[in-house]
Amino acid sequence: MNEAVKGHLLAIFTAICWGTTFISTKILLVDFSPLEILVTRFVIGLTVLYMIRPHVLKLRHEEHRLYLVVAALSGITLYYLMENIALTYTYASNVGIITATAPFFAAILARFTLKNSHLSGPFFIGFIVSMIGVVLISTEGSGLNFNPKGDMLALGAAVLSAVYIVVLKKICTFGYDLIVITREIFLYGIILMIPPIIFMGFDIDLIYLIEPVNLANMLYLGIGASALCFLTWNFSTKFLGIVKATAYIYVIPVITVITAYFILGEPITWMKTIGMVLAIAGLAISQK
């Protein structure tokens, strides 16, 4: 199996897994704050990655550490904090639409910072088609309502996601073990969460955590959506490049809709169906 096929399979797996995290997070928010969920899932993920790759990372150049810190700050600490805070100021549909623009920002940023990165007509066409689909999925029945503070935070999260993707691609050229790199990014991400923990508070109740439903969902977020999916995502970006890998972000809302239908009983309307078709069509176009 060549690297391109591996990259597409890994990206599909990641999109499916991340698309289902909405369900687990929604269940956990009953007993935990967004910050408590965020910290706990990445501590679990870090523990798993240390079990897989326990040896110490020996950096060949100290400047490489700066790239790891930037990746952790942009792709873990600030991204998830800004996304979660945005949800307190604006509608979930707005956040879903705005964060889905990450592939566009990543491609533009890569175009000006990385060699051998170019944008083609199919990328822009696919982006437009997919975004129309995401809008239909997210705003069906409610319309699009602008909330400047929350929407700007969501936009900032999308840009930070793009920064993470581009920095990660640069890190991949250093030749380190990607599992160890992902582990170190998690470590720095958790360390950088300490200031938010001090100011926002962290008081997780272990009695709630050990409840079977909560524990199962937290382990799923920590092991599956964090440790495993960050690995598969990082490898897919390495194999496919930024433009092709990030295009799979378009199908995450599709997976969320399907999962919510089977688990939460949320209906799939004609508008959502059209939106899902367009999101997938845009992905296919962008891969040309």
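How many cavities of 30 Å³ or more does a search of the whole structure find? In this predicted model, the search returns one such cavity. The volume of the largest cavity is about 30 Å³. Its lining consists of I171, C172, Y176, L178, I181 and K238. Sorted by class, five of these lining residues are nonpolar, none is polar and one is charged. Two helices, α7 (148-172) and α8 (178-191), each contribute at least two residues to the lining of the largest cavity.

The secondary structure of the protein comprises 14 helices and zero strands. Read from the N terminus, the order of elements is accordingly α-α-α-α-α-α-α-α-α-α-α-α-α-α.

Helix α3 was examined for its length and its bend. A bend of about 40° is found in α3 at L78.

The overall dimensions were also computed. Along the principal axes, the C-alpha atoms of the protein occupy a box of roughly 50 × 50 × 40 Å. The radius of gyration is 18 Å, which agrees with the value near 19 Å that a compact globule of 288 residues would have. Of the 288 residues of the protein, 51% count as buried, where buried means under 20% relative accessible area.

Note on methods:
Residues numbered from 1 in each chain as written. Predicted model: local features only at pLDDT ≥ 70, side-chain atom pairs only at ≥ 80, totals over all residues. Heavy atoms only, no water. 1 Å grid on protein atoms, 1.4 Å probe; cavity = no way out; pocket = protein on both sides within 12 Å on 5 of 7 lines; lining within 4 Å. Points joined across faces, edges and corners; volume = space filled by probe spheres on them. Helix = DSSP H or I, 4+ residues; strand = E, 2+ residues; numbered from the N terminus. Nonpolar A, V, L, I, M, F, W, Y, C, P; charged D, E, K, R; others polar. Bend = angle between axes of the 7 residues up to and from the residue. Rg over C-alpha atoms; globule rule 2.2 N^0.38 Å. Buried < 20%, exposed > 50% of the residue type's maximum accessible area, 1.4 Å probe, protein only.
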